[in-house]
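Hi,

Here is the structure I said I would pass on. Have a look first, and my notes follow below.

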Amino acid sequence: MAEKPSVLIIGGLGYIGRFLALHIHKNNLASEVRIVDKVLPQLAWLAPEFEEACAGPKFMQADASREQSLQRIFDRSNGKQWDYVFNCGGETRYSQEEEVYKLRSLELSLAVGREAAKRGVKCFIELSTGMVYKPDSAPSKEQDKLKPWSKIAVFKLQAEEELAKIPGLNLAIVRLSHVYGPYASQWVATALCMARVYQALGSEMKWLWTKNLCTNTVHIHDVTRALWQVAEWYAAGKAKWDAAKMGPTPTFNVVDKGRTTQGIMADLIGDVFGIKTGFQGTIISNFAKIHLHDVVEDVNDELLGPWAGLLEDAGITKPGPLTPFMEAELLKDTDLSMDGSRLEELLGFKYEKPQINKELLQEVIESYKRMKWWP
């Protein structure tokens, strides 16, 4: 019986990092796990089920983008090297200054990538985003045209390209669609918070653009399983990888099979909240294309006051990471449309949550209620 792999998770208290740590912990997959994050567990809105997997002796507070932290992060007490390093770190908030992404995402990736190469880590997995693809309603495969359309994606793509140049780095790249699931605080969460306000106001929730706009999704449960499977596959010799055809760096899209669009989301949310949902129509959408920031500002002004009122009425003083605040970058008329078949064909991966549905959204809301975040 070979020893189980040792695992280092950078950005281990972020949304994906904590679920990856929980997946490894629950299934007893590793001989040793270290969770590195610059935020302390007490300040990371951790739900109780993450305590054992993410805190205590497994946790190390450090900023991995700083050269001087790397030795402490990578050194193990037994003198051996880590087998798998997952880089789940980086800036995940939208609409920040470019300098913020350069420092917190790009430089972080390169610092830990260089260190992993130096130490001969068996597999280094870099998390990236499907927003690196040229927007198209036809699903993008891993080798399709790249044209990043969010600032996060611009710097993620730079990180992918620069990491691929590091000699001796055993690199795999995983590009994600919109990740959702319990305790999610981003894209799906924003839509749910907005819907809760429209429900309270008794008004229709109208979406920009069209119902056919692709907003592909994937459940966090499948993300963590995919990450682990890619690492195992890589360390075992990358079976069936054809570098001549597929490129030198193994790259995988992780996206469910539901082909999620705005129309699907609008229908599900309408169903969950018992509200009318619809689309703004061409005139307003065309206006929004030219004046996106103004439109977003108006929507935020309309929603933030009532949301604060709902929280107050519910006696919620710490709403966690939830807010109906909409980021202009996420409201662009751009398709997030990805093809995840390579992961299935090459690794035999099977999605256990193949598409977003009412029950899974309800589960997200229930997780917020448990944390007392939800009005």
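Let me start with a loop: Lys 238 sits in the one between α7 and α8 (243–246), where helices (H or I, at least four residues) and strands (E, at least two) are DSSP runs numbered from the N terminus. Before I go on, note that this is a predicted model, so local features need pLDDT of at least 70 and side-chain atom pairs count only at pLDDT 80 or more, while totals for chains, interfaces and linings use all residues. Residues are numbered from 1 along each chain as its sequence is written, and side-chain values use heavy atoms, with hydrogens and water left out.

Back to Lys 238: its phi is positive, about 55°, although the residue is not a glycine. Most residues other than glycine have a negative phi. Lys 238 counts as partly exposed because its relative accessibility is 27% (buried means under 20% relative accessible area, exposed over 50%, partly exposed in between, with a 1.4 Å probe and protein chains only). Arg 259 is another non-glycine residue with a positive phi, near 50°. You'll find Arg 259 in the loop between β10 (251–254) and α9, and at 34% relative accessibility it counts as partly exposed.

Now the helix packing. Two packed helices are described by the angle between their axes and the distance between the axes. Helix α7 (residues 220–235) packs against helix α1 (residues 15–26) at an angle of about 70°, with the axes 9 Å apart. The axes are lines fitted to C-alpha atoms, for helices over the stretch in contact, and the angles run from 0 to 180 degrees between N-to-C directions. So α1 and α7 are roughly perpendicular to each other (under 35 degrees counts as roughly parallel, over 145 as roughly antiparallel, 65 to 115 as roughly perpendicular and the rest as oblique). The crossing of α1 and α7 is right-handed; that means the near helix is turned clockwise from the far one by less than a right angle, and left-handed would be anticlockwise.

The other pair is helix α9 (residues 262–273) with α13, packed at an angle of about 60° and with axes 10 Å apart. That makes α9 oblique to α13, and this crossing is right-handed too.

How many salt bridges does a search of the whole structure find? There are 16, a salt bridge being a side-chain nitrogen of Lys or Arg within 4 Å of a carboxyl oxygen of Asp or Glu. Arg 225 and Asp 222 are 3 residues apart in helix α7, so about one helical turn separates them. Both Arg 225 and Asp 222 are buried, with Arg 225 at a relative accessible area of 14%.

Arg 225 also forms a salt bridge with Glu 352, where the closest N and O atoms are 3.4 Å apart. Glu 352 lies in the loop between α12 (341–347) and α13 (358–370) and Arg 225 in helix α7, so this pair ties together parts that are 127 residues apart in sequence. Glu 352 is partly exposed, with a relative accessible area of 48%.

Elsewhere, Glu 162 bridges to Lys 165, with 3.1 Å between the closest N and O atoms. Glu 162 counts as partly exposed at 33% relative accessibility, whereas Lys 165 is exposed, with a relative accessible area of 59%. There is also a network of salt bridges linking Asp 75, Glu 115, Lys 118 and Arg 119.

Two C-alpha pairs are worth a look as well. Leu 347, in helix α12, counts as buried at 13% relative accessibility. Asp 294 lies in helix α11 (residues 292–313) and counts as partly exposed at 44%.

Last, the surface: Val 39, Leu 40 and Leu 43 make a nonpolar patch of about 250 Å². Patches are made of residues with over 30% relative accessible area and no salt bridge, joining like charges within 9 Å and nonpolar side chains (Val, Leu, Ile, Met, Phe, Trp, Tyr) within 5 Å; the areas come from the Shrake-Rupley method with a 1.4 Å probe, and for residues only the protein chains shown count as cover. Val 39 is in the loop between β2 (32–37) and α2 (51–54) and counts as partly exposed at 35% relative accessibility.

Cheers
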